[in-house]
Amino acid sequence: MSDEPIWIMTRDDADSEDSGGGKGWKENWTQKASSILHLKPIDPVKLQHEWNRTMRFVGQLIHQAEREAGGEFGMQLDEVTLAVEINGRGQVNLLGACTTEGSGKGAITLKFKRTESK
């Protein structure tokens, strides 16, 4: 794996004011965007470690769900869709449907589908 950092775009909402279509918004768009958006370098080794840890945990959850659904209800899990976010500290987070911490914008969507056995 490369030693070069992975760059993550983050948004600082604390600095953002009304971004509506008010007077002068067009003229100040570049200035407002640059004060809100920041590129942060992430160590690729840390990101890989966080990603692998999260995927192992997700795999355990899927395996448990398959056991419970199959044993008690006779169902088979066929597909799982997850929204994953990488934050400015290189942490990999699962996004919930109603979280107040993230709106899901910029999230990575992973879709796992069961393959047919031959």
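Which residues of H2 are buried? The views below take up that question in a predicted model, where local features need pLDDT of at least 70, side-chain atom pairs count only at pLDDT 80 or more, and totals for chains, interfaces and linings use all residues. Residues are numbered from 1 along each chain as its sequence is written, and side-chain values use heavy atoms, with hydrogens and water left out.

**View 1. The whole chain, with 2 helices and 5 strands.** Here helices (H or I, at least four residues) and strands (E, at least two) are DSSP runs, numbered from the N terminus. Reading from that end, the order is β-α-β-α-β-β-β. Of the 118 residues, 19% are buried, meaning under 20% relative accessible area, with exposed over 50% and partly exposed in between (1.4 Å probe, protein chains only). Contacts are heavy atoms within 4.5 Å; among those with a separation of 6 or more, 76% join residues 24 or more positions apart.

**View 2. The buried residues of helix H2.** To settle the opening question, they are Pro-44, Leu-47, Glu-50, Thr-54, Val-58, Ile-62 and Ala-69. Their packing partners are strands E1 (6-11), E2 (37-42), E3 and E4 (92-94).

**View 3. H2 from end to end.** The 30 residues of H2 should span 44 Å at 1.5 Å a residue, and its end C-alpha atoms lie 42 Å apart, which agrees. The expected span is 1.5 Å times one less than the number of residues. At the start of H2, a side-chain oxygen of Asp-43 comes to within 3.2 Å of the backbone nitrogen of Val-45. After H2 comes Gly-74, with a positive phi near 65°.

**View 4. The largest nonpolar core, with 10 residues.** Such a core is a set of buried Ala, Val, Leu, Ile, Met, Phe, Trp, Tyr and Cys residues joined through side-chain atoms within 4.5 Å. Its members are Ile-8, Ile-42, Leu-47, Val-58, Ile-62, Val-80, Leu-82, Val-84, Ile-86 and Val-92. Helix H2 (44-73) and strand E3 (79-86) are the elements that supply two or more of them, and E3 gives the most, with 4 residues.

**View 5. Glu-50 and Val-92 in contact.** Glu-50 sits in helix H2 and counts as buried because its relative accessible area is 12%. Leaving out residues up to four places away in sequence, Glu-50 touches Gly-90, Gln-91 and Val-92.

Conventions: A polar contact is a pair of N or O atoms within 3.5 Å; within protein, one must be able to donate a hydrogen and the other to accept it, and residues adjacent in sequence count only if both atoms are side-chain atoms.
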